[in-house]
Amino acid sequence: MKTVYLDNAATTPMRPEVIDKVYKSMQLFFANPSATYAAGRTSKSVLEGARKKIANLLSVNASEIIFTSGGTEANNLILNSVVRDLGITHIITSKIEHHAVLKTVEALEVIYPIKVSYVSLLSDGDIDLNNLEAILVENNSRHRTLISLMHINNEIGSILDLEAISELCYKYEVLFHSDMVQSIGHHNVNFSKNHINFATASAHKFYGPKGVGFAIVQKNSGIKSLQFGGEQERGIRAGTESIHQIEGMAEALEMACLNLKNEANAILKIKQYAIYELQNKFKTIKFNANSDQLHRNYNLLNVCLPISSEKASTTLFKLDMLGICCSRGSACQSGSNKPSHVLAEILSEEDLKKTSLRFSFSIYTSTNDIDALVNALDSILA
């Protein structure tokens, strides 16, 4: 039985070219980049070359790229540091952020005397910009504020208006952090034109290796390391850098950026084919948060299926038995029987009882994969 992989928002497969780059790097550049002898200096040169490549692709300064183990660490680094080191006393976020942000903010609220505000959402999960500005007006004179909002939601595909948020941050002189794990490598993000102080990315979301990512930290921001034991990464992230993973990440990001337009168009066609086939087969299917619309992310669908509550709990298991890989939401919540915290904010109680699934596509997804999905669902719903 062929496996049909439709959970690319959780992780993407590595490109063959990236695997080759990682393999060769493991063979050639094993020396510690902090060592002063020739082999170490060579590793250091490779490390900095990868940093410059990533920086150039994103139009930021190379010194602003801080390598981490992934998006979760990068988000933790930024959020903890801005409170501890920069005197942030007010964080504005939303209740549909990734748990790497939400759980960190909740922990900070216990440890430090900070205020946390949750911006209101529109019915489709978009940020209510009027409410955001109202929060800024009410609190700006009493607090030093950070706005932390993800660029693209990993469950419903809503896309943040970076320009509008940047303008508000500039107007009210607040800092802006954006979790860009779902967007970097998939969308053109112009850091030179937007007021973005901090951002995060993870290589395994754009066909790179797992266990590596980076934080974009604005030059001279003042944040400091959360871990001790070395002066790596400009003193912001101690620990020996993983050269092969970083080289693989730089290669993956370069390929993603160079092929972005053509690959995005190809994936969008797959998504449109999936919408047509699902609607044609299941007349009462719903697409949560308008995930079927063009203004949502091109590689993701979140669907509410016409399945009774009695069958809802076994749908994902049955799909797995038929070779279909998908999810109820973030992979970080796998094994939980609770409904998605994202959908809980935007769906009615009636729809929350039904089966909602996330299908996310990649450059390797085919129309045959969509046909297999529809046939599998049809057998389950029969």
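This is a predicted model: local features need pLDDT of at least 70, side-chain atom pairs count only at pLDDT 80 or more; totals for chains, interfaces and linings use all residues.
## Ground rules

Two strands pair if DSSP finds at least two bridges between them, and the strands themselves (E, at least two residues), like the helices (H or I, at least four residues), are DSSP runs numbered from the N terminus.

Residues are numbered from 1 along each chain as its sequence is written, and side-chain values use heavy atoms, with hydrogens and water left out.

## The seven-stranded sheet

Let us start with an open sheet of seven strands, ordered β2-β8-β7-β6-β5-β3-β4, whose pairing is mixed. β2 and β4 (115-118) stand at the edges with a single partner strand each, so one side of each has no neighbour in the sheet. On average, neighbouring strands here are turned by 20 degrees against each other, direction ignored; the axes behind such angles are lines fitted to C-alpha atoms, for helices over the stretch in contact, and angles run from 0 to 180 degrees between N-to-C directions.

Walking across the sheet, β2 and β8 are antiparallel partners over four bridges. Five bridges join β8 to β7, and these two also run antiparallel; A199 has I216 in β8 as its bridge partner. β7 and β6 pair in the parallel sense over three bridges, with D179 opposite T200 in β7. Further along, four bridges link β3 and β4 in parallel, and H90 stands opposite K115 in β4.

## Which way the side chains point

In a regular strand the side chains alternate between the two faces of the sheet. In β7, F198, T200 and S202 lie on one side and A199 and A201 on the other, and all are buried, where buried means under 20% relative accessible area, exposed over 50% and partly exposed in between (1.4 Å probe, protein chains only). Strand β3 (residues 90-93) has H90 and I92 pointing one way and I91 and T93 the other, again all buried.

A helix covers part of this sheet too: α6 lies across β5 (145-148) and β6 (175-179), and runs at about 155 degrees to β6.

## Two nonpolar cores

A nonpolar core is a set of buried Ala, Val, Leu, Ile, Met, Phe, Trp, Tyr and Cys residues joined through side-chain atoms within 4.5 Å. The largest one has 47 residues, of which I147, I184, F191 and F214 touch the most other members. Elements that each supply at least two residues include α1 (16-28), α2 (38-58), α5 (129-139) and β8 (213-217). The largest share, seven residues, comes from α7.

What is I147 in contact with, leaving aside its neighbours within four places in sequence? The partners are I92, L132, L136, I165, C169, V174, L175, F176 and H177, contact being heavy atoms within 4.5 Å. Apart from this core lies another, of 30 residues, with A264, I267, I275 and I307 among them.

## The three-stranded sheet

An open sheet of three strands has the order β9-β10-β12 and antiparallel pairing. Its edge strands are β9 (286-287) and β12, each pairing on one side only. β9 is joined to β10 (residues 300-305) over two bridges, and F287 has V303 in β10 as its bridge partner. Helix α8 (residues 260-281) packs on the sheet, touching β9 and β10, and its direction makes about 10 degrees with that of β10.

The structure holds one aromatic pair. Rings of Phe, Tyr and Trp (its six-membered ring) pair if their centres lie within 6.5 Å; planes under 30 degrees apart count as stacked, over 60 as edge-to-face and the rest as tilted. Y207 and Y364 have ring centres 6.0 Å apart and planes at 85 degrees, so the pair is edge-to-face. Y207 lies in the loop between β7 and β8 and Y364 in the loop between β12 (355-360) and α13 (367-381), so the pair ties together parts 157 residues apart in sequence. Y207 counts as buried at 3% relative accessibility, whereas Y364 is partly exposed at 41%.

Most residues other than glycine have a negative phi. Y207, however, has a positive phi near 70 degrees. N220 has a positive phi as well, of about 60 degrees; N220 is found in the loop between β8 and α7 and counts as exposed at 75% relative accessibility.
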